[in-house]
Amino acid sequence: MSEKHEITRRQFTKAGLAVAAMPMFYTKGAWAAKDFANNPGNSSKITLGFNVPQTGAYADEGADELRAFKLAVKHLNGEGDGGLMNTMKPMNLKGNGVLGKKVTYVTGDTQTKSDAARASAKRMIEKDGVIMFSGGSSSGVAIAVQGLAQELGVLFMAGLTHSNDTTGKDKRRYGFRHFFNAKMSGSALGPVLKEEMGTNRKAYHLTADYTWGWTQEQSIQETTEGLGWSTTAKVRTPVGAGDFSQFITPILNSGADTLILNHYGKDMINSLTQAVQFGLRDKQVNGKNFEIIVPLYSRLMAQGAGKNLEGILGTANWDWQLQDEGSKAFVKSFGTEYGFPPSMAAQTCYVQTLLYANACENAGTFYPPEVIRELEGFKFDGMGNGATEYRAEDHQCFKDVLVVRGKSNPSSQYDLLDIVKEVPRADVEYDASIFGGELGPYEV
Amino acid sequence: MMKQLMNLLKKQSDLTTILMFAAGVLTMPIWLDPIGANYPDLLQKFVIFGIFAVGYNILFGLTGYLSFGHAVFLGVGSYAAVWSFKLLTMNVLPAILFATLISGLIAAAIGFVSMRRSGIYFSILTLAFAQMFYNLAYSVLIPITNGETGLQLRMHDPRIIDNYFSDPLPGLPSTDFFGMSMNGYSGFYFCAVVLILAFYIAMKIFRSPFGMKLKAIKSNQHRMRYTGSDTRPYLITAFIISGMFAGLAGALLAVTDPLAGAERMQWTASGEVILMTILGGVGTLYGPLLGVGIIKYLENIFSTINESVLQQFFSFLPQWGENIMVSVVSPFVGEGWHLTLGVLFMIIIIFLPGGLMEGFSRIQKRYRKAKIKDNQSDSTKE
């Protein structure tokens, strides 16, 4: 407690100077003698910030992310069974915190709103002195706080965010994403769609009206039109709408034979349930069975949607049923702690925390530009997705992507998805320059 | 000398009021430190929402017209300011002027229509306008607002004025006031000075003939009309002024953090400023600011208290006592801070309908009475 007060008083005296002379705090060129925002200095501990949605349409994902973060902190401090620290390679972590400093954390609620998320992140950075913050579940929020990370010079290790923009046109030097994106979902899904649904279909999009929905709609449209499908309509729906019936009725008479739901979280549960209730899946259009596709899928959503998800195709970043060493170790560790398997949101958040800690160990410092250089181009394995690389050009991780399908006869309440195909990394890779955007400078 | 000073304070001349107010605002980092509220973001929020509430009070406090859509102007101000950053310059001055102007124009339009009715009908009309703007921001106005993602700065924005004078630096530029950064504490002091100016204007309005007219409208509008004075222009002017205050607050939100999202215009944001005003005291000068302080403090500090903090706090108790206290208190902190706010709000409405300021004036009165009694008993003794 007393330590915190010391920091605030120091900040205050600095601010006093800042008013008189030019500001020197939280501003450009403030790294004299390699000082940086929230430098832990000689302190015996570091603080990480976990900024997740605890209320709103993505609250389930947020809760699971928080569990994963807490588990990662435990493992970093050498408590518990070590989880992925037993399988990650190459790895420099020693189980004594990071660079010998004990890891502590603070949490915040993004409310799935950019404003609230930035306020919460600012509190973490300015008051709690976090050296890195993470979290996600909405790309809108991720992009907003990633901008903040760049401004204030504190690293942001994105959690669940699937929009192309996060590492595309809105990429930042201080933001990193382990999760896959809409473009990769499209590339992975394409061949399976062709095989199962043919090359002559009419697609109808319902899209969550923000950056993630837009880019996913675009990527999936590119994929399906590449197969020879046509696009009947693209309808934007507000996030957290609750009732989607007004959007679903027009589909019945549109002549489309495939519905693509660019929704996530509780929105997807609601829209899919209503689509099924309206009898879409029992319909025959143009002599074909009406099909529904949910390009981004998670087990948490499958739990909410229940039987409605049977047989529906989508993609996932990771699934707890994968049989590699890393996945098994993580599922075991998470299961022992909480009594149920982790979601893909939990996995990506856990991995991100470890990757950051490892990069600090490799760099031998918490100085952000050095840590960033360690992460850029970092190649690793044993974290659940096979060989993975953090591409230096856009801070996007490249790894295998899963195409999944809702199971028809689940054996337990968690066994809800069948893995249809593990699409190798080479098939989902793309040129980093296609989305534009600039990372910006190392030193801010 | 001392007596003179006391007399001066009692008179509460405009100058002393504003000097005391300025001293109070500028020393916030010192006296808010013990309660953990001394960090730039929260300090900025205190003063910015202070401006919002002070402006709202000009309408609601003076005329009694309960606008349920004031957050619109906050949102419009933010969007206007960010557009100024994108198109013209990162200097905050044009952004603030532009934002205040635009929100004033929109206030004139909304006020012109809504002010045809009073009471609940006026409230509903403003609410309808607010909801309309909120939904427009998420649908047809997306090219201007960027929808759910929020309007943000980009590396390659035109920024005509800045780029005319110098080549852009690498990275996103940050907002400044002729070289003074708007991040951190310097941002707070900038907003604090704006708040002091805004407060001064509000005070002048409160104590002017115009303010008197507005108060007369509040006490009996029909009588005002019978005496032959047209109330409508006064009402619309009050609405526009308070809309411009809100626009100014919205601009400052964008100044300290160049991002604008439509959630700022949601009806809950409009409701929040009503809560703030009522909590502190409707129609009083300081009341709304008190309300802002309480609500923003609860939102930012109370909401982060979790069980482990509580356990530390109650650790002086025996284990069972600690557990009981933690389980009793925990619903009211963390995510449950709204519950605390609700209880507080109810208590104040029931026992102090005039808000916290009424509480203070009651205490003051009691103190005075006691003093008079003392004096009397003193005189009888002699």
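Guide: Let us begin with R366(B), which sits in helix α19 (residues 356-381) of chain B. A word on the ground rules: this is a predicted model, where local features need pLDDT of at least 70 and side-chain atom pairs count only at pLDDT 80 or more, while totals for chains, interfaces and linings use all residues. Residues are numbered from 1 along each chain as its sequence is written, chains are lettered from A and ligands numbered from 1 in the order in which they are written, and side-chain values use heavy atoms, with hydrogens and water left out.

Visitor: Why is R366(B) called exposed?
Guide: Buried means under 20% relative accessible area, exposed means over 50%, and partly exposed is in between (1.4 Å probe, protein chains only). R366(B) has 67%, so R366(B) is exposed.

Visitor: Which residues form the positive surface patch, and what makes it one?
Guide: The members are K365(B), R366(B), K369(B) and K373(B). Patches take residues with over 30% relative accessible area and no salt bridge, joining like charges within 9 Å and nonpolar side chains (Val, Leu, Ile, Met, Phe, Trp, Tyr) within 5 Å. The areas come from the Shrake-Rupley method with a 1.4 Å probe, and for residues only the protein chains shown count as cover. Lys and Arg count as positive and Asp and Glu as negative, with His and the chain ends not counted. Each charge is placed at NZ of Lys, CZ of Arg, CG of Asp or CD of Glu.

Visitor: Which residues form the nonpolar patch on the surface?
Guide: F332(B), L339(B), V343(B), M346(B), I347(B), I349(B), I350(B) and F351(B) do, with about 760 Å² of accessible area together. I349(B), in helix α18 (residues 337-351) of chain B, has a relative accessible area of 37%, so I349(B) is partly exposed.

Visitor: How do you know that D257(B) and R118(A) form a salt bridge?
Guide: A salt bridge needs a side-chain nitrogen of Lys or Arg within 4 Å of a carboxyl oxygen of Asp or Glu. The N to O distance for D257(B) and R118(A) is 2.3 Å, so the pair qualifies. D257(B) lies in the loop between α13 (232-256) and β4 (259-260) of chain B and R118(A) in helix α3 (residues 114-126) of chain A, so the pair joins two chains. R118(A), E151(A) and D257(B) are linked in a network of salt bridges. The count over all chains is 32 salt bridges.

Visitor: Are D257(B) and R118(A) buried or exposed?
Guide: D257(B) has 9% relative accessibility, so D257(B) counts as buried. R118(A) has 3%, so R118(A) counts as buried.

Visitor: What makes E429(A) and R425(A) a salt bridge?
Guide: Their closest N and O atoms are 3.7 Å apart, so they meet the rule. At 39% relative accessibility, E429(A) counts as partly exposed, and R425(A) is partly exposed with 21%.

Visitor: How do you know that chain A agrees with a compact globule?
Guide: The radius of gyration is taken over C-alpha atoms, and the globule rule is 2.2 Å times the number of residues to the power 0.38. With 444 residues, the rule gives a value near 22 Å, and chain A has 22 Å, so chain A agrees. Of these 444 residues, 61% count as buried.

Terms used:
Helices (H or I, at least four residues) and strands (E, at least two) are DSSP runs, numbered from the N terminus.
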